Amino acid sequence: MDPLSATKHNKNFAKPSSLNMETPPADPSPLRKIMAVASIAAGVQFGWALQLSLLTPYVQLLGIPHSWASFIWLCGPVSGMLVQPIVGYHSDRCTSRFGRRRPFIAAGALAVAIAVFLIGYAADLGHIFGDSLAKKVRPRAIAIFVVGFWILDVANNMLQGPCRALLADLSAGDHRKTRNANSFFSFFMAVGNVLGYAAGSYSGLHHVFPFTKTKACNVYCANLKSCFFLSIALLLSLATIALTYVKEEPVASEKNSASVVEEDGSHGGMPCFGQLFGAFRELKRPMWILLLVTCLNWIAWFPFLLFDTDWMGREVYGGSVGEGKAYDRGVRAGSLGLMLNSLVLGATSLGVDVLARGVGGVKRLWGIVNFLLAICLAMTVLVTKMAAHSRQYTDLPGGIHEPLPPPAGVKAGALALFSVLGIPLAITYSIPFALASIFSTTSGAGQGLSLGVLNLAIVVPQMVVSVISGQWDKLFGGGNLPAFVLGAVAAAASGILSVILLPSPPPDLAKAATAAGEGSINESMMFVFLSKKEDVRFFFFV
């Protein structure tokens, strides 16, 4: 029996949202079409990887103080919370002759191209509009960068929702195709991550695009431009292939309007947000504990995700932004560390089932990896102290003391931290979502709303950390260690609460969820498919 169809006869489940009003295609599409759409994730994730590895150092190069750099990153959680639901809501009601999803994917790809141009050429445009190269702070370049960065985050979120929704449409409710779509999407995300971090770690890309180095744009800036050129070329190529090859049937406007009135009970509005915030009133104790653990978990993660490459350039390599080569070397080494992190993350994701059975359950596994996260974040202090203790300098013309690269052991220790952190990150990307689905089933709540509430427990801490982390670091003398130590404390608290308070998922429900795979995957695996069209998500919990 189809486990999703069983919800029709269960009064405890909420009525489907108006956002799930369209009937998917009668037959699932060929696998090659699903792969074509899923490949867009590589282009999107390439850009995300460049953001995480290169943009925090870049904004400081433009003159934004370290203590204020984190405010730039507010756009990510804000756009993730608002843009995807709004775009998904309107894409469900789109009556374009090109289909429901394809116009939004095309618009998102075009917006990414515009944003990348503004970011890459912020220094040049700022100089054209009057920025002085003799001054450290370039206000016009900063303004152009901020506009481009926010457009980029909004455009990336605008791409992801319709891409995942189109994959759901192409799968047409077929569990095997749905699993394959999810696997391909995750695979291409990993490919984009590895390519993005590899590009960020290579210092010679500006030789491929020699025009990128200008009077206002140094070697680091030129490499960033070159990386973004590759990113936009990859994204536009993959999007063009997918949108040309995969066709959609347009939705009749009369049918669309009738569906909205019938299921919404209204002629307009944005019910997705009303349902989402209204779901808080119905949450049971297990979900509240899960939200608390998830919140602390992301308070721990976000400082490191923001400042990991900056930590390598500033604390490990001893460099300063815009001065000498030490900082740039550290940032490139950090990009290499992020690539290793992605490889470990992908490998760990395939072994979550074995790890969970080995430690006695998923909640205990989550608690253990949170302690591992706390240890790794605390170890950044030791690596920093070792790097500072062993640092040597060379004299450059003009009386400049340039820090030499750290000893091999220190660099290996820092890269090992990046790699090991891939293990808890893999668990963070899987177990909380699966537990939210299970707890929503036991309480009779809709999975869509419960997972939407869990998303708030992720983005709200990110916004808080974006606001306070820079000032927190400044309070303790600058640098990245104060935020990392705070993250270690939050990770330890998250691990304790996970082990002590978080309920274990009922075994019978875990097995029932397994049935969604129609017996073609291992019995100890759970596949959760959320077909809520305003923000279609696929969660594969091994």
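## Helix axes and how they cross

Helix axes here are lines fitted to C-alpha atoms over the stretch in contact, and angles between N-to-C directions run from 0 to 180 degrees. Helices themselves are DSSP runs (H or I, at least four residues), numbered from the N terminus. This is a predicted model, where local features need pLDDT of at least 70, side-chain atom pairs count only at pLDDT 80 or more, and totals for chains, interfaces and linings use all residues. Residues are numbered from 1 along each chain as its sequence is written, and side-chain values use heavy atoms, with hydrogens and water left out.

## α13 against α16

Start with helix α13 (residues 326-349) and helix α16 (residues 408-420), whose axes come within 7 Å and cross at roughly 40°. The two are therefore oblique to each other (angles under 35 degrees count as roughly parallel, over 145 as roughly antiparallel, 65 to 115 as roughly perpendicular, and the rest as oblique). As for handedness, α13 passes α16 in a right-handed crossing; that word applies if the near helix is turned clockwise from the far one by less than a right angle, and left-handed if anticlockwise.

On the α13 side, the contact (heavy atoms within 4.5 Å) includes Ala333, Gly334, Leu336 and Gly337, and α16 brings Lys411, Leu415, Phe418 and Ser419. Sorted by class, this contact has 7 nonpolar, 4 polar and 1 charged residues. For that sorting, Ala, Val, Leu, Ile, Met, Phe, Trp, Tyr, Cys and Pro count as nonpolar, Asp, Glu, Lys and Arg as charged, and the others, Gly among them, as polar.

## α15 and its two partners

α16 also packs with α15, at an angle of about 165° and with the axes 10 Å apart. That makes α15 roughly antiparallel to α16, and the crossing is left-handed. Among the residues that meet are Leu372, Cys376 and Met379 of α15, plus Val410, Gly413 and Ala414 of α16. The class tally is 10 nonpolar, 2 polar and no charged residues.

Then there's α12 (residues 285-316), whose axis comes within 11 Å of that of α15 (residues 362-389), with a crossing of roughly 25°. α12 and α15 are therefore roughly parallel to each other, and α12 passes α15 in a left-handed crossing. By class, the contact has 12 nonpolar, 5 polar and 1 charged residues.

## A look at the cavities

The structure holds 4 cavities of 30 Å³ or more. A cavity is a set of points, on a 1 Å grid over the protein atoms alone, where a 1.4 Å probe fits but cannot get out; lining residues have an atom within 4 Å of a point. Grid points are joined across faces, edges and corners, and a volume is the space filled by probe spheres set on the points.

The second largest cavity has about 60 Å³ of space, and its lining includes Leu54, Tyr202, Asn223 and Arg332. Two or more lining residues come from each of α8 (175-201) and α9 (219-245), with α9 giving the largest share, 4 residues. That lining has 6 nonpolar, 3 polar and 1 charged residues.

Key:
1 Å grid on protein atoms, 1.4 Å probe; cavity = no way out; pocket = protein on both sides within 12 Å on 5 of 7 lines; lining within 4 Å.
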